[in-house]
Amino acid sequence: MIRRAVPVGIGHYLPERVVENDWFTSFLDTSDEWIRSRSGIERRHFAAEGETTSAMAVRAAQRALESAGLTAADIDGVIVATSTPDFTFPSAATMVQAGLGMKHGFAFDLQAVCAGFIFALSTAEAYIVSGQAKRLLVIGAETFSRIMDWEDRTTCVLFGDGAGALVLEAQDQPGEATDRGILATDLHSDGRFRELLYVDGGVSATQSTGVLRMEGKEVFRHAVEKLAETAHTALDRAGVSAEDVAWIVPHQANLRIITRTAQKMGIGMDRVIVTVQDHGNTSAASIPLALSVGVANGQIRRGDLLVAEAIGGGLAWGSVVLRW
Ligand code: ACO
């Protein structure tokens, strides 16, 4: 028997305010048709004034705990993947920990932009498999609406806010490809591509928050090239093939990237969880949001083999293969 990190609860939170594509036409030279056809996005949620990343993460975490039949007392630690924490410090994760009423355990943030949840899953798995934690809350939460340049039509139409949370639990499994839980991960980053996707402000460089800058076409090119490759690597490591995959749970940045990646993997779109039309790109929150929606609407079922993949600023990219 070997120890695996097995998903036992999932939940998400989306802010109440829904913004349709048409809203942007009141102040930008854009159209619903352009946004829809180039990105697949139809609407997104924006956090209310004063609604923070940690507040959304707490709501998602409470729902995940509820779905697992657990309470915060059962959790050893909280990892929050985010690039938009409430404050420079303390971490959003410690604020989530306090928000959940936890006085025990540890909490920290992890930043790998849109690939953050993949990196957080891999980190959580390492803690669980090494015996340092029994149950962890792994959360992706973002308020990207706070780092938009509202005059830049090439970026501000693409992003949204939200949070998703997963409870991972240590369980002994036979050590086979049919095990439940995380079976393999694959992580990469390459800092030479910083200029393709970054925020032009920060504590040590500018003492400001900054706004998102992106060379969309170049990021697109890297995404199409790298996502199928990392997914295949993780599937190989897990000892499974693309045919065994019940669902791809991709980072929800652009429907064209999602479609091309599925094509390259030889997997039909009927086996891909797609939420980009309703959420836009919520960066580190997008995969746990898609997982939670997929479970809630009955697409993802216990025993399904999933592959999650993402790429974002850094560049940083990677994938996780897990059995639900
Ligand atoms: N409305 C109308 N026209 C627009 C808009 C808009 N909102 N935005 C751009 N355009 C125009 C451009 O100015 C350009 O006009 P031009 O030809 O006169 O110069 C034209 O539309 C085409 O622009 P492109 O940038 O070539 O459009 P493209 O088809 O590449 O789509 C997009 C742009 C959607 C950004 C796409 O490149 C993309 O999704 N890239 C990847 C983004 C991504 O995956 N990010 C992932 C990680 S995000 C993170 O880590 C935070």
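Helices here are DSSP runs of H or I with at least four residues, strands are runs of E with at least two, and both are numbered from the N terminus. This is a predicted model, in which local features need pLDDT of at least 70, side-chain atom pairs count only at pLDDT 80 or more, and totals for chains, interfaces and linings use all residues. Residues are numbered from 1 along each chain as its sequence is written, and side-chain values use heavy atoms, with hydrogens and water left out.

- Apart from neighbours within four places in sequence, Thr230 is in contact with Asp186, His188, Trp317, Gly318 and Ser319, where contact means heavy atoms within 4.5 Å.

**Packing of α5 on α6**
- Helix α5 packs against helix α6 (residues 255–265) at an angle of about 40 degrees, and the two axes are 9 Å apart.
- Because of that angle, α5 is oblique to α6.
- Axes are lines fitted to C-alpha atoms, for helices over the stretch in contact, and angles run from 0 to 180 degrees between N-to-C directions.
- Angles under 35 degrees count as roughly parallel, over 145 as roughly antiparallel, 65 to 115 as roughly perpendicular, and the rest as oblique.
- The crossing of α5 and α6 is right-handed; a crossing has that hand if the near helix is turned clockwise from the far one by less than a right angle, and is left-handed if anticlockwise.
- On the α5 side, the residues that meet α6 are Phe220, Ala223, Val224, Glu225, Leu227, Ala228, Ala231, His232 and Leu235; on the α6 side they are Arg256, Ile257, Arg260, Thr261, Lys264 and Met265.
- The residues of this contact of α5 with α6 comprise 9 nonpolar, 2 polar and 4 charged.
- In these classes, Ala, Val, Leu, Ile, Met, Phe, Trp, Tyr, Cys and Pro are nonpolar, Asp, Glu, Lys and Arg are charged, and the others, Gly among them, are polar.

**Nonpolar core**
- The largest nonpolar core contains 47 residues, and Phe24, Leu235, Ile248, Met265, Val307 and Val321 have the most contacts inside it.
- At least two residues of this core come from each of β8 (181–189), α5, α6, β12 (305–312) and β13 (316–323).
- Helix α5 supplies the largest share of this core, 10 residues.
- A nonpolar core is a set of buried Ala, Val, Leu, Ile, Met, Phe, Trp, Tyr and Cys residues joined through side-chain atoms within 4.5 Å.
- In soluble globular proteins, nonpolar side chains tend to be buried together.

**Packing of α2 on α3**
- Helix α2 (residues 53–68) and helix α3 (residues 92–99) cross at roughly 50 degrees, and their axes come within 9 Å.
- That angle means α2 is oblique to α3.
- Helices α2 and α3 have a right-handed crossing.
- Ser54, Ala57, Val58 and Gln62 of α2 meet Ala92, Met95, Val96 and Gly99 of α3.
- The contact of α2 with α3 has 5 nonpolar and 3 polar residues, and no charged ones.

**Backbone exceptions**
- Most residues other than glycine have a negative phi, and most peptide bonds are trans.
- Phe89 and Pro90 are joined by a cis peptide bond with omega about 5 degrees, and Pro90 is in the loop between β4 (77–81) and α3.
- Gly314 to Leu315 is also a cis peptide bond, with omega near -5 degrees; Leu315 is in the loop between β12 and β13.
- Val113, which is not a glycine, has a positive phi of about 45 degrees.
- Val113 is in the loop between β5 (106–110) and α4 (116–129) and is buried, at a relative accessible area of 18%.
- Ser283 has a positive phi near 50 degrees, lies in the loop between α7 (276–279) and α8 (286–296), and is buried at 1% relative accessibility.

**Buried loop residues**
- Ala285 is in the loop between α7 and α8, and its relative accessible area of 0% makes Ala285 buried.
- The C-alpha atoms of Ala285 and Gly162 are 6.2 Å apart, although 123 residues separate the two along the chain.
- Beyond four places in sequence, Ala285 touches Gly140, Ala141, Glu142, Gly162, Ala163 and Gly164.
- Thr155 lies in the loop between β6 (135–143) and β7 (161–173) and is buried at 0% relative accessibility.
- With neighbours within four places in sequence left aside, Thr155 is in contact with Met148, Asp149, Leu212 and Met214.

Terms used:
Buried < 20%, exposed > 50% of the residue type's maximum accessible area, 1.4 Å probe, protein only.
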